[in-house]
Amino acid sequence: MRLWRADLIEIKNVHKSFGDNAVLKGVNLTVTKGEVLCLIGASGSGKSTLLLCINALESIQKGKIIVDNIDVHARETTKSRLRQKLGIVFQQYNAFPHLTARENVALAPRLVLKKSKKEASELAEKHLEYVGLTDKIDAFPSQLSGGQQQRLAIARALAMQPDYMLLDEVTSALDPELVGEVLDTLRMLREEGMTMIAVTHEIPFAREVADRIAFFHEGVIHEIGEPEKMLNKPEKARTQEFLRCIL
Amino acid sequence: MYPYVTHFTTHDLIFMAQGAGITLVLTIVSGILGTILGFCIGWARSTRSLILFYIFGAYIDVIRSIPLIIQFVLFNSFMAIAGYPLNPFFSGLITLSIYISGYVAEVVKAGIESVPKTTKMAARGLGMTYLHEFFYIVLPIGTRTVFPSWIGLMLGLMKDTSLIAVLGATPPELLRSSQIIITRIQQPLLVLLGAGAFYFALCHMITQFSNLYEMRWREALEG
């Protein structure tokens, strides 16, 4: 495993609160290039907030997050440029409802990467093919199923050619029969060596794709380790309790 | 001068049609000016600036709480007192634009706020800037949401243009030209029925135009 400083996400003692409600209470975590890290934990434990902090969609009050040697929350950091490195996909698909699948994917490359209309459109075709949506390329989000919308969101993030993917419970809002197609897309990404941080409740999926699993509890990473160890022989009582509840 | 008669003539019809034309011009010009101004105010109020929020909040409050007819008279008189007497027609046009901007601002703000926070976050997550997000995501989505309310404002505005009569503005718009005819032929019911028909035709035109747009958007979304 390569351990160059320029190739990783470092989270150092990060604190974040909304008013009086402290959500992150000193998170420490390092994710190296090529790694797949799954974050598990109860709802409201701060997992999703952490993802938003990593690409500066939320501010932090204390600590540091460093992505490829860039201090994410430093004043001089251009957030929009930083976010090109960090693709993010949310639980609620968030497709742009007024644009077709093609336009959804092509918009950011055109505006942010300054691609020509034609280049952006080709890029969209390529990425929509990748997620298996070629036949829906000119459909509007309202004409797509939840699973298709989520794959669209993945294609949209990938079109920016990010170095990292942040996945925030991407299957939680889906009907059970649609979860598979989205997970298949993520498996494909893993095959290609994409670095991913995924907040998930899909324990079997985490077991299959994750290099490490981190259990989030009360605003900190309570326990972290390889899937085998984390899911079969967790050391801490809280982790055991959580796994007993959801497995 | 045509001979003095006391029945409704073709001349009267043309006179009323011209009035309807003036009503339409007043509506379109003040509608455009008021929408531009209201858009800027609504946008400013949707930003995080508390100062802009409260200053323009007061502006909207004042405009929406005072009857338009009083605003016409006050604005026209104050301009004259301040040493800038305006042609009543222009004075009325400006008052109408300011008046409608207060309502448009609230509609614009509602449109901006109707776009889910997560959709905006998705745009930012792709590396878009605030302006990208605003013009390519928030504006198109918000416009579709509040377009019917905006059309409602424009219909109200069209009927409110008749109040410009208190300034004695010339050329007369539809209601004033009707009153002029009524004074001569003493047949208020007949003339007002005609005026009503003109107003209806104008409003119906706007409604049809808006339906066309809404249908096109719906078709685009539903295929």
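Helices and strands here are DSSP runs, numbered from the N terminus. This is a predicted model, and the structure holds two cavities of 30 Å³ or more. The largest cavity contains about 60 Å³ of space, and the second largest cavity has a volume of about 50 Å³.

**The largest cavity**

- Residues from chain A in the lining of the largest cavity are A:Ile88, A:Val89, A:Phe90, A:Tyr93, A:Ala153, A:Arg156 and A:Ala157.
- Chain B contributes B:Ala122, B:Gly125 and B:Leu126 to the lining of the largest cavity.
- Three elements each supply at least two residues of this lining: strand S6 (86-89) of chain A, helix H5 (146-158) of chain A and helix H5 (117-125) of chain B.
- Among the contributors to the lining of the largest cavity, H5(A) gives the most, with three residues.
- The lining of the largest cavity comprises eight nonpolar residues, one polar residue and one charged residue.

**The second largest cavity**

- The residues that line the second largest cavity are A:Val170, A:Thr171, A:Leu183, A:Leu186, A:Ala198, A:Val199, A:Thr200, A:Glu202 and A:Phe205.
- In chain A, helix H6 (176-191) and strand S8 (195-199) each provide at least two residues of the lining of the second largest cavity.
- By class, the lining of the second largest cavity is made up of six nonpolar residues, two polar residues and one charged residue.

Methods
Residues are numbered from 1 along each chain as its sequence is written. Chains are lettered from A and ligands numbered from 1 in the order in which they are written. This is a predicted model: local features need pLDDT of at least 70, side-chain atom pairs count only at pLDDT 80 or more; totals for chains, interfaces and linings use all residues. Side-chain values use heavy atoms; hydrogens and water are left out. On a 1 Å grid over the protein atoms alone, a cavity is a set of points where a 1.4 Å probe fits but cannot get out, and a pocket is an open set with protein on both sides within 12 Å along at least five of seven lines; lining residues have an atom within 4 Å of a point. Grid points are joined across faces, edges and corners, and a volume is the space filled by probe spheres set on the points. Helices (H or I, at least four residues) and strands (E, at least two) are DSSP runs, numbered from the N terminus. Ala, Val, Leu, Ile, Met, Phe, Trp, Tyr, Cys and Pro count as nonpolar, Asp, Glu, Lys and Arg as charged, and the others, Gly among them, as polar.
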